[in-house]
Amino acid sequence: MKHVVKLLLTAAVIAATATAARADGAKIAVIGGKADDPFFAKIKKGIDDAAMVVKAHGGAVNYLQLQTYDNIGGDAANLIRTAIAQHASVIAAPDWVADSEDEAYKAATAAGIPVMLYNAGGGDKAKELGAINYIGNEEYPAGLAGGAYFASHGSKNVICVNTVPGAGNLEARCKGISDGIAKSGGKSTQLPLPASSFGNPTAVAEAIKATLLKDASIDGVATISAGDADSAANGIQQAGRTSKVKLGTFDMNETNLERIKEGTQLFAIDQQPWLQGFLAVSLSDGFVNYGLKTATPTILTGPGIVDASNIDATIAGAKAGYR
Amino acid sequence: MTAPLLKLTNINKSFGPIDVLIDISLEVNAGEVLCLLGDNGAGKSTLIKILSGVHKATSGTVGMRGKIVDFNSPRDAGDHGIATVHQFGGTFPLMSIGRSFFVGEEPKKGWGPFKILDRKRANDIAVKAVRELGITRIDDGDRLVGGLSGGERQALAIARAVHFGASVLILDEPTAALGVKEAAHVLRIVLQARQRGIAVIFITHNVIHALTVGDHFAVLIKGAKAADFRKGERTREEITDLMAGGEHMAELEAEIAAYMASHDGHPPPVAE
Amino acid sequence: MSNQTRRPALGNLLRRPETGSLLGLVTVFVFFAVFGGADFASATGAASWLNVAASLGIVALPIGLLMIAGELDISIGSMIPAGSMAVAIVSGHFHAPILVGIGTALAIGAVVGFINGVLVVRTAVPSFIVTLGTLFAVAGLVLGLSVILTGTTSVGIKAGPEAKWLLGHFIGGTFQVTIFWWIAAALLFGFVLHYSHYGNWILAMGGDKVSARNAGIPTERVTILLFMCSGVSAAFVGLSQAILYNSAQVSAGQSYIFNAIISVVVGGVLLTGGYGSVVGIVLGTITFAIVNQGIYYTGFDANWASLIIGILLLLAVLMNNTFRKLALAYSPARGKSRT
């Protein structure tokens with residue numbers, strides 16, 4: 001038993017020194033979502049692209065990803081602690097669940113490791129935690145922009161389809177839509193779907209169809225993800241309301257973009273995830289190596305509205321994996 | 001004299017260093033009931049497993065009708081006409097009588113890929129076979145086996161074995177979980193099977209049940225055959241004593257002698 | 001047997017595995033017909049739950065047969081996205097003919113099912129654990145391959161009109177063509193379970209695998225075939241959804257695992273095997289779909305959807321248990337004198 005422990009310890013020390021020896025520049029730990037999440041795949045591309053710069057500076061990027069989204073706050077906190085244990089020179093991470101993660105961030109700061117918030121958390125949080133900066137989207141303003149866009153295109157009664165009710169960022173999106181449209185006298189209510197419908201496009205489509213049939217005054221549907229927008233388009237079509245009900249979504253995919261080009265979808269609210277990954281890593285690298293820091297307090301990568309006016313460039317970017 | 005239907009010669013079985021069966025030799029003839037008696041752990045179930053092809057003997061031979069046979073699987077034993085019915089009879093409680101009766105031997109009708117299970121024929125045959133054993137309460141082959149009483153399940157399992165041409169029927173504690181009336185019914189069915197010329201091996205530790213139907217008795221104690229006798233050769237008390245104590249035969253013999261001495265040399269009458 | 005009389009209809013009904021689920025279905029239908037109003041009872045309302053039931057039902061059928069045979073397959077949770085990604089990558093990204101894409105997807109389903117079956121049969125590890133392993137393995141494989149081959153995790157596919165007509169269009173604008181595939185699958189599985197002798201084998205295997213093997217049933221071959229059925233069916237659902245919704249995502253379909261198991265159990269299949277019927281599985285799937293979708297026709301706040309789903313499903317399962325007990329206890333001679 002003792003031998004085994006000794007052996008493991010030796011191996012760990014060798015591994016640790018090996019990593020340390022390899023990275024004499026910045027060792028950047030990035031905490032992120034599952035790689036099979038299409039959204040995080042784009043962030044990851046930004047991270048990978050920025051990693052080339054880091055490498056050129058003699059550093060290395062280590063992407064620590066969540067295995068599931070079942071316990072997102074706790075798992076992310078554990079990953080932050082893992083990064084601390086690995087003696088990262090800087091940690092870039094989303095603050096999804098402040099209550100669970102903030103303690104870990106404080107532990108990082110206490111260990112002398114600077115933190116860069118990206119994707120979730122917001123500028124105020126970054127200030128509170130003493131983070132370098134916040135790079136990303138703020139859900140509520142993105143929702144506001146979406147609501148305003150709906151209003152300016154004539155929608156008065158919009159449902160916001162939430163396939164993960166209770167998730168703070170998604171609730172903020174729907175609230176933003178609601179407040180954004182209210183400014184012009186319209187209204188928006190949330191349609192929360194149960195977990196048994198998650199990932200089942202038919203169940204989502206049918207729920208939207210049924211809701212449209214029940215309330216003929218609905219003239220807009222907002223969805224919180226690109227896949228849900230595909231289901232929504234189907235539900236709207238089944239209800240026979242394609243011409244009357246406008247569709248807008250947070251995030252986007254290839255099929256969404258084609259619909260925008262065709263004219264059967266009004267818009268998509270993009271938070272430009274590639275930029276988040278790219279900036280989080282490249283700005284962290286600049287800060288740790290050379291003390292570089294932007295003067296802009298919060299770097300918002302979104303909302304970027306994708307509609308008929310910029311669809312061609314967006315499609316080109318999507319083909320290359322940047323959007 | 002023709003060769004016995006089933007003959008075990010010097011069967012030994014060890015699991016690693018533990019000898020479970022020691023030098024067992026037994027014979028069963030067609031139309032005879034052999035009662036295998038013994039306390040728990042005496043090796044009865046191991047012996048059954050060897051007979052039904054689950055285990056192979058470490059040494060010794062199994063012969064059928066004068067020929068040495070070698071069972072590699074329960075299926076193999078079944079093909080030789082050996083059928084085993086366990087304590088709870090039907091092992092598929094949630095299947096219908098007709099369906100469970102024909103598991104693995106389903107009657108079919110129709111042609112080509114559209115051959116379908118002939119449910120009606122299965123039900124009819126199953127019900128008829130059980131009723132022939134005197135279970136008249138069963139008249140619907142669609143009923144679930146789990147809804148039958150313990151005795152009825154035994155009857156169904158025995159009927160199944162008989163229907164598929166078993167020549168040796170091994171009954172493992174068929175009466176152990178039954179009430180008095182049901183047990184009597186199962187014993188009657190055992191006698192019916194015997195009448196049809198089937199060799200029955202009846203495992204029990206109920207001496208009364210054994211004496212009621214047995215022609216031939218063998219007592220196992222700690223893996224060895226402690227006694228082998230024909231009907232009427234031993235009394236119920238003798239057998240009970242054999243099963244319960246029985247480590248030292250001499251001690252037992254002495255006890256029996258003392259018993260007989262106190263009864264003027266007469267054994268007590270056989271309870272029947 | 002000449003004196004085998006017709007049993008009274010009640011007795012026959014009581015002991016059928018689907019009786020409980022039929023009552024469960026009627027209960028939830030009446031519930032939503034009352035609270036959901038005219039829209040729920042209309043053709044488009046029916047399409048709401050039929051469409052959901054169809055894709056779920058195609059997976060639930062083989063899962064049900066596996067459960068009757070005493071096994072479980074949860075790898076469907078990643079076989080569904082594997083099927084949709086396969087067709088989207090092969091035919092959408094690489095522009096191969098749609099038949100090649102469909103063939104690839106189904107072949108992957110068959111291979112994964114075969115691996116599941118062989119592992120279960122050879123290792124004697126419970127199928128829940130084996131398929132839990134393949135659930136993750138397939139998910140990882142799909143993700144890895146998708147990123148290597150296409151650089152993204154969400155692939156679009158534009159199927160031709162024939163493929164759309166066969167797999168991905170709405171009849172009359174409301175009913176998914178998948179419903180007909182489901183009906184075909186139900187007829188096929190119904191034939192296998194209730195009319196062919198294989199059905200007897202499956203029931204016997206679920207009742208007692210050892211006895212079934214001793215009775216001469218090739219239990220290993222049947223087990224492997226059943227796992228292949230569920231793999232192929234899951235891949236089929238995945239590919240038809242990709243064709244229907246014009247896109248495929250790497251991570252979708254985990255909710256099918258529980259939804260399929262719930263449908264099967266609500267349909268009267270015993271979780272431990274040996275008892276169940278195809279009609280029951282179909283009814284259970286419809287019940288689940290109605291409960292899951294009916295809420296949107298009612299005036300209830302959708303926040304309560306999960307609660308209502310949970311309660312109605314519990315009721316349906318309790319109904320099943322009651323009827324299974326009745327089926328076991330049922331005997332025509334009850335009360336008469338016994339031998």
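Two residues are taken to be in contact if their C-beta atoms, placed from the backbone, lie within 7 Å. By this criterion, in the predicted model, no contact joins chain A and chain B, and the closest C-alpha atoms of these chains lie 31 Å apart. Two pairs of chains are in contact, and of these, chains A and C share the most contacts.

Chain B is assigned two domains, with domain 1 covering residues 6–233 and domain 2 covering residues 235–272. The C-alpha centres of these domains of chain B are separated by 30 Å.

In chain C, helix α8 comprises the 18 residues 178–195 and extends 25 Å from its first C-alpha to its last, close to the expected 26 Å. Its buried residues are T178(C), W181(C), W182(C), A185(C), F189(C), V192(C) and L193(C). Viewed down the axis of α8(C), these buried residues fall within an arc of 100° and therefore line one face of the helix. On the other side of α8(C), A184(C) and L187(C) are exposed. The elements covering the buried residues of α8(C) include β3 (175–176) and the helices α3 (43–68), α9 (197–207), α11 (219–245) and α13 (278–294) of chain C.

In chain A, helix α7 spans residues 168–182, and the 21 Å between its end C-alpha atoms agrees with the 21 Å that its 15 residues should span at 1.5 Å a residue.

Note on methods:
Residues numbered from 1 in each chain as written. Chains lettered and ligands numbered in written order. Predicted model: local features only at pLDDT ≥ 70, side-chain atom pairs only at ≥ 80, totals over all residues. Domains from an automatic or database assignment. Helix = DSSP H or I, 4+ residues; strand = E, 2+ residues; numbered from the N terminus. Expected span 1.5 Å × (residues − 1). Buried ≥ 20, exposed ≤ 12 C-beta atoms within 10 Å, placed from the backbone. Arc of directions from axis to C-beta.
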